[in-house]
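Hi,

Here is the structure I promised to pass on to you.

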Amino acid sequence: MFELEELRRIFRGHAAVHEPLNKYTSFRIGGPAEYFLEPADKHDLIEAIRYLRRANVPFMMMGRGSNMLVSDDGVRGAVINLEQGLNKISVDGGRVRVEAGVSMARFVDFCIQHEFAGVEMLPGIPGTVGGAVMMNAGAYGGEISDHCADVEVLRGDSVVTVPKAEAGFSYRRSGFQHDIILGASFLLPHGDKGTIINRRRELLVKRNATQPLNMPNSGSMFKNPQGTHAAKLIEDAGLKGTIRGKAQISEKHGNFFLNLGGAAAADIIELIKLARDTVRKKFGIQLELEVKLVGFSDAIVRSVHA
């Protein structure tokens, strides 16, 4: 049986009950977490997970809350936010070592300041390194796995270092779906700092010109089908600008769905279904969600993936 006070005896971080998740997600959507934990550091996280497993309490990891849509009903069990406690980054023996809660923007900036190249195309990814590794995030022809050397995970009850060759990386996927990512290390080529900074600036300007970053969103809603782009399919289907409730398919970028202010998760779900069904009927292509659905009933999840 789970007792929050018992957990607090071994847990040094912050613990709360019925914590609204909308202030932690990039969509600014989401009901309360039954339990909300922010571990003090990696050891604190591992001890908390071991306790939750013994108590049979379901749990999930959260970084910056991007790339997810949380149900209006919230999440049963524990949500563990890594952003505050797992935030160390260093250079060790030519490798950049990063804990899972470090933001992608900070990771890229650290690499550039230390004259490492190879990740300057990734600063616009809004999440954390842990989330980026889990989904093998990428942008502008680069993926986080390109220069990844290994990934440290909690697998079962053991901390394991998994080399890249065994990580199962593919397009927007990794082999860590049943693990807890603690951090990763990267072997990056050296580069000229000025050149790298200019390249990052160019790509951020391009991103700002093509993506609706002034409104809450989750990033790309769908994965790009082979040989085409989800945004183009949605635009060609005539859906840009479509509104349901207080949510909208962006007029600027068809693969970005926006919270116009006070949107419910149900509004986004309605737009997801509309986009999938319309693209399938018009072009015979099945769009696959990139965004993770959290806290929804099996029936809703099935309806979105049908």
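Below is what I found, grouped by site.

One thing before you start: this is a predicted model.

**The loop between helix 3 and helix 4**

E120 sits in the loop that runs between helix 3 (104-113) and helix 4 (129-135). Its relative accessibility is 13%, so E120 counts as buried. Setting aside neighbours within four places in sequence, E120 is in contact with V108, I196, R199, R200 and L203. A polar atom of the E120 side chain also lies 2.7 Å from the backbone nitrogen of G118.

E115 is in the loop between helix 3 and helix 4 too. With a relative accessible area of 38%, E115 is partly exposed. Its backbone is worth a look: E115 is not a glycine, yet its phi is positive, at about 60 degrees.

**Another positive phi**

R172 is a residue other than glycine with a positive phi, near 55 degrees. You will find R172 in the loop between strand 11 (158-163) and strand 12 (180-186). Its relative accessible area is 14%, and R172 is therefore buried.

**S145**

S145 lies in the loop between strand 9 (142-143) and strand 10 (148-155). It is buried because its relative accessibility is 5%. The side chains of S145 and N136 are joined by a polar contact of 2.9 Å. Leaving out neighbours within four places in sequence, the contacts of S145 are N136, K164 and F169.

**Helix 7**

Does the length of helix 7 agree or disagree with its residue count? Helix 7 covers residues 265-283, and its 19 residues at 1.5 Å a residue should span 27 Å; the end C-alpha atoms are 27 Å apart, so the two agree. Buried residues in helix 7 include A265, I268, I269, L271, I272 and V279, and D267 and R276 are also among the buried ones. After the helix comes G284, which has a positive phi near 70 degrees.

**The second largest pocket**

This pocket has a volume of about 150 Å³. Its lining is made up of K23, Y24, S26, R28, E38, G63, R64, N81, E83, Q84 and P216. Sorted by class, that lining has 5 charged, 4 polar and 2 nonpolar residues.

Definitions and conventions. Residues are numbered from 1 along each chain as its sequence is written. This is a predicted model: local features need pLDDT of at least 70, side-chain atom pairs count only at pLDDT 80 or more; totals for chains, interfaces and linings use all residues. Side-chain values use heavy atoms; hydrogens and water are left out. On a 1 Å grid over the protein atoms alone, a cavity is a set of points where a 1.4 Å probe fits but cannot get out, and a pocket is an open set with protein on both sides within 12 Å along at least five of seven lines; lining residues have an atom within 4 Å of a point. Grid points are joined across faces, edges and corners, and a volume is the space filled by probe spheres set on the points. Ala, Val, Leu, Ile, Met, Phe, Trp, Tyr, Cys and Pro count as nonpolar, Asp, Glu, Lys and Arg as charged, and the others, Gly among them, as polar. Helices (H or I, at least four residues) and strands (E, at least two) are DSSP runs, numbered from the N terminus. Buried means under 20% relative accessible area, exposed over 50%, partly exposed in between (1.4 Å probe, protein chains only). Contact means heavy atoms within 4.5 Å. A polar contact is a pair of N or O atoms within 3.5 Å; within protein, one must be able to donate a hydrogen and the other to accept it, and residues adjacent in sequence count only if both atoms are side-chain atoms. The expected span of a helix is 1.5 Å times one less than its number of residues.
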